[in-house]
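My entries follow in the order I looked things up.

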Amino acid sequence: MPEVYNWQLGRKMLYPYEERHPKWQFAFVFNINRCLACQTCSMADKSTWLFSKGQEYMWWNNVETKPYGGYPQFYDVKITQLIEQVNPGGQVWNVRVGRKHHAPYGVFEGMTIFDAGAKVGQAAIGYIPTDQEWRFVNIYEDTATSMRSLVEGIDRSGFSRDEPWRLSGSSLPEHETFFFYLQRICNHCTYPGCLAACPRKAIYKRPEDGIVLIDQNRCRGYKKCVEQCPFKKPMYRGTTRVSEKCIACYPRIEGKDPLTGGEPMETRCMAACVGKIRMQSLVRIGEDGLWAEDRWHPLYYTIRVEQVALPLYPQWGTEPNGYYIPPRHSPRGYARQMFGPGVDNAIEKYLVPSRELLAVLQLWRASQQIVFRYDVIPGPKVFETQIHGKRFEMYNDTVLGFNKSGKEVARIQVEEPIYIRPAERVNWL
Ligand code: SF4
Ligand code: SF4
Ligand code: F3S
């Protein structure tokens with residue numbers, strides 16, 4: 001089987017196809033800390049693409065409650081267990097190698113779904129969920145659990161114990177429970193498990209933007225994609241007998257929506273987000289297959305420069321292009337299992353953001369058009385304090401966002417402006 005380079009793992013890994021990369025890659029950052037689980041994103045997606053017969057149970061976008069929730073139920077626990085069965089106790093990161101451009105999180109020394117799949121004669125290890133497991137889009141909604149029992153459980157699986165609730169800076173009583181929301185769509189992975197699995201070669205990755213699609217004419221409903229996508233994002237439709245998945249709203253990305261006059265537009269689920277937790281863009285891929293350096297691109301800056309956003313389950317090996325600002329109030333061991341060893345750095349950066357990061361974070365949901373570049377106009381200092389013993393200064397900078405053609409599409413200040421309603425407008429309807 002060929003070997004490909006996975007920069008999130010800092011090493012080469014097995015993959016059924018030779019390494020090939022698109023010119024641009026669809027990518028996004030979700031800020032877990034801001035999500036309110038209103039499911040507006042899920043409904044935006046449902047009402048756009050998923051309202052027909054045979055699609056009743058489909059949610060290409062879903063928001064689930066961690067640690068217990070999942071759609072389909074327990075998908076991540078089951079995938080992790082399947083890999084563990086082939087490679088017991090081996091999900092280890094070597095972080096001593098230091099942070100390099102091509103290995104920012106260290107080197108993963110365990111097995112990916114492809115490594116484990118090779119051991120059992122499959123493209124990737126996986127399973128097909130039962131109908132019952134797809135029943136609830138947010139099962140265990142808002143169900144909290146004790147940190148102590150969970151952390152002790154994680155301790156037994158080799159993660160070091162820490163006390164994240166003490167890092168929160170809170171002086172409130174410590175009730176030691178937590179939950180958080182995980183927002184999920186297809187990650188349009190660099191090395192998709194679904195694409196690797198399909199015996200009909202019906203799944204392809206677009207060279208222009210890296211979006212992963214199922215060719216509805218080629219698909220014959222073998223469901224290997226459903227089985228071998230670890231994120232469980234392809235879904236089988238009984239009425240057509242073919243599978244479907246998130247299409248990254250590609251007509252909007254192509255600028256086909258009349259609203260933007262031909263400019264690339266964010267997807268439906270991103271644009272609808274009430275909590276302003278989502279930002280999406282296209283990142284340029286260099287000759288070497290890595291992200292080309294693009295210092296003034298908001299996602300390059302957030303993911304590669306500040307490293308405040310991390311991939312979901314990078315150890316599975318698909319190099320997902322969805323990134324998350326990890327939850328600051330969950331046990332660190334639990335968050336590290338989900339987002340890898342970059343979690344501590346990411347949370348520290350988020351809790352005490354640099355002047356530039358604070359400005360760039362204002363761009364989340366500032367425009368329906370895709371932002372390809374940002375700039376910051378310095379403003380006056382408005383506030384200062386200490387957070388966890390570190391000095392934090394807030395400046396009322398103005399951040400600008402530019403679309404693909406270089407036109408300004410967003411201008412927003414760090415400090416929220418206050419509008420005082422004129423006297424004659426009090427209680428005016
Ligand atoms: Fe394929 Fe799953 Fe990756 Fe989407 S998340 S590209 S369906 S492997
Ligand atoms: Fe649906 Fe578009 Fe979001 Fe994919 S990107 S989940 S198709 S709204
Ligand atoms: Fe292939 Fe999945 Fe269709 S495996 S044939 S794309 S159901």
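**Ligand 2.** I sorted the shell around ligand 2 by class and got eight nonpolar, two polar and two charged residues. My classes: Ala, Val, Leu, Ile, Met, Phe, Trp, Tyr, Cys and Pro are nonpolar, Asp, Glu, Lys and Arg are charged, and the others, Gly among them, are polar. The residues in this shell are D45, W49, W60, N61, I185, C246, I247, A248, C249, T267, R268 and C269. I count a residue as near a molecule or strand if one of its heavy atoms lies within 4 Å of it. Helices α1 (40-49) and α8 each supply at least two residues of the shell around ligand 2. Helices (H or I, at least four residues) and strands (E, at least two) are DSSP runs, numbered from the N terminus.

**Ground rules.** This is a predicted model, where local features need pLDDT of at least 70 and side-chain atom pairs count only at pLDDT 80 or more, while totals for chains, interfaces and linings use all residues. Residues are numbered from 1 along each chain as its sequence is written, chains are lettered from A and ligands numbered from 1 in the order in which they are written, and side-chain values use heavy atoms, with hydrogens and water left out.

**Ligands 1 and 3.** I found 13 residues around ligand 1, and the closest are C186, C189, G193, C194 and C229. Its shell splits into eight nonpolar, three polar and two charged residues. Ligand 3 is also surrounded by 13 residues, with C198, C219, K223, C225 and S243 the closest. Here I get seven nonpolar, two polar and four charged residues.

**The core.** Which residues have the most contacts inside the largest nonpolar core? They are F26, W291 and F339, in a core of 114 residues. Domain 1 (3-351) and domain 2 (358-413) both give residues to this core, so it lies between them. The domain bounds come from an automatic or database domain assignment. By nonpolar core I mean a set of buried Ala, Val, Leu, Ile, Met, Phe, Trp, Tyr and Cys residues joined through side-chain atoms within 4.5 Å. Buried is under 20% relative accessible area, exposed is over 50%, and partly exposed is in between (1.4 Å probe, protein chains only).

**Strand β3.** I then looked at β3 (residues 24-31), where seven of the eight residues are buried. β3 pairs with β14 in the antiparallel sense over seven bridges, and Q25 stands opposite V283 in β14. β3 also runs parallel to β16 (residues 322-325), joined by four bridges; there F30 has Y324 as its bridge partner. I call two strands paired if DSSP finds at least two bridges between them.

**The β1-β2 hairpin.** β1 and β2 form a hairpin with four residues between them, and G10 in the turn has a positive phi of about 70°. Strand β1 (residues 3-6) and β2 run antiparallel, with four bridges joining them. V4 stands opposite M13 in β2. Which face of β2 is covered? In β2 (residues 11-14) R11 and M13 make the covered face, and K12 and L14 the uncovered one. In a regular strand the side chains alternate between the two faces of the sheet.

**A three-stranded sheet.** I traced an open sheet in the order β17-β20-β21, with antiparallel pairing. Its edge strands, β17 (373-377) and β21 (408-413), each pair on one side only. β20 (residues 398-402) and β21 share five bridges in the antiparallel sense, with V399 opposite I412 in β21.

I checked the loop between β4 (62-66) and α2 (75-86), which holds P67. The peptide bond from K66 to P67 is cis, with omega near 15°. P72 lies in the loop between β4 and α2 as well, and the bond from Y71 to P72 is cis, with omega near 0°.

K276, in the loop between α8 (268-271) and β14 (278-284), has phi of about 55°. Is K276 buried or partly exposed? K276 is partly exposed, with a relative accessible area of 39%. Q307 has phi near 55° and is found in the loop between α9 (298-305) and β15 (310-311). I noted Q307 as buried, at 11% relative accessible area.
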